[in-house]
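Visitor: Hey, I've got a protein model open and I'm new to this. Can you walk me through it?

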Amino acid sequence: MVICTTFRLTDCAPIKLDHMKFSCGTISNQKNLFSHHLVTSNMKYTLFFLFTVIGFTLNAQLKQKLADQHYERFEYSQCVMMFDELAENCLKGKKSCLWENVRKAAYTHYNLFEMKESLRYFEAMEKESSLTEDDRVAFIKALRYSAKYDQSSVLAEKSAQQFPSNAFFKRLVDNKSKFNTLFKDSAYYTINALSINSGKGDF
């Protein structure tokens, strides 16, 4: 029995080459898996961002439509908060806002006799030079309801110059002193105790 002990380098070459091929193939597969995972993750983030944007857009459109419907039906208490939120975009300087929402917010609060909030929106429209003739009438009335007579007089004079055919503005300007006195006297009541009262609920 003869045992061959000769070991040639060429006998191992195929084994080494196969091992290298296997190693290279493993590394290549790992790179492909990593690239696939990276692309998949990026797609997930992109889709999430798109769905988020679409969701916000649809929500804003739905809110706008619902608020307009309530406003057209004079259901001011139902849409006041929605118009506050929509109008706030304009007050913050966002380009995508609609100033018509600021106008509707002003009138909504005005019709709910919430003059402080109404004036905030009218004043914002005044700064933007977007007051219409009707807006000025409501603005002046809101100022007078809030006892801001001097400011209302200034606005009335400006409005009368811009809309000279408007009888309301003309009347306010022509009777400025009389109207101011009238509103100041009738806006608030002062109750003073008489000397004959004992302070114990006399009848």
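Predicted model: local features only at pLDDT ≥ 70, side-chain atom pairs only at ≥ 80, totals over all residues.

Visitor: Okay. How many helices and strands does the protein chain have?

Guide: Eight helices and zero strands. Helices (H or I, at least four residues) and strands (E, at least two) are DSSP runs, numbered from the N terminus.

Visitor: Which residues in H5 and H6 meet?

Guide: From H5 you have Arg136, Phe139, Ile140, Leu143 and Arg144. Their partners in H6 are Tyr149, Gln151, Ser152, Ser153, Leu155, Ala156, Ser159 and Gln162.

Visitor: And at what angle do H5 and H6 pack?

Guide: About 165°, with the axes 8 Å apart; H5 covers residues 133-145 and H6 covers residues 149-162. Axes here are lines fitted to C-alpha atoms, for helices over the stretch in contact, and angles run from 0 to 180 degrees between N-to-C directions. H5 and H6 are therefore roughly antiparallel to each other. As for the wording, angles under 35 degrees count as roughly parallel, over 145 as roughly antiparallel, 65 to 115 as roughly perpendicular and the rest as oblique.

Visitor: Is the crossing of H5 and H6 left-handed or right-handed?

Guide: Left-handed. That label applies if the near helix is turned anticlockwise from the far one by less than a right angle, and right-handed is for clockwise.

Visitor: What about H6 and H7?

Guide: H6 packs with H7 (residues 167-174) at about 130°, and their axes are 8 Å apart. H6 and H7 are therefore oblique to each other, and their crossing is left-handed. On the H6 side, Ala156, Glu157, Ser159 and Ala160 meet Phe169, Leu172 and Val173 of H7.

Visitor: Let's go to the loop between H5 and H6. What does Ser146 do for contacts there?

Guide: Ser146 lies in that loop, and leaving aside neighbours within four places in sequence, Ser146 is in contact with Met115 and Leu119. The C-alpha atoms of Ser146 and Met115 are separated by 6.7 Å, although the two residues are 31 residues apart along the chain. A polar atom of the Ser146 side chain also lies 2.9 Å from the backbone oxygen of Ala142.

Visitor: What's up with phi at Ala147?

Guide: Ala147 has a positive phi of about 65° although it is not a glycine. Most residues other than glycine have a negative phi. Ala147 is in the loop between H5 and H6 too, and counts as partly exposed at 27% relative accessibility. Phe74 also has a positive phi, about 60°, and is not a glycine. You'll find Phe74 in the loop between H1 and H2, where it counts as exposed at 60% relative accessibility.

Visitor: Switching topic: where's His109?

Guide: His109 sits in helix H3, which spans residues 99-111. His109 is buried, with a relative accessible area of 5%.

Visitor: And what does the His109 side chain pair up with?

Guide: The side chains of His109 and Asp84 are joined by a polar contact of 2.8 Å. A polar contact is a pair of N or O atoms within 3.5 Å; within protein, one must be able to donate a hydrogen and the other to accept it, and residues adjacent in sequence count only if both atoms are side-chain atoms. Not counting residues up to four places away in sequence, His109 touches several residues, including Val80, Glu114 and Tyr121.

Visitor: One more: which residues is Met125 in contact with?

Guide: Leaving aside neighbours within four places in sequence, they are Trp99, Val102, Arg103, Ala106, Ser130, Leu131 and Asp135. Met125 belongs to helix H4 (residues 115-127) and is buried, with a relative accessible area of 0%.

Definitions and conventions. Residues numbered from 1 in each chain as written. Heavy atoms only, no water. Buried < 20%, exposed > 50% of the residue type's maximum accessible area, 1.4 Å probe, protein only. Contact = heavy atoms within 4.5 Å.
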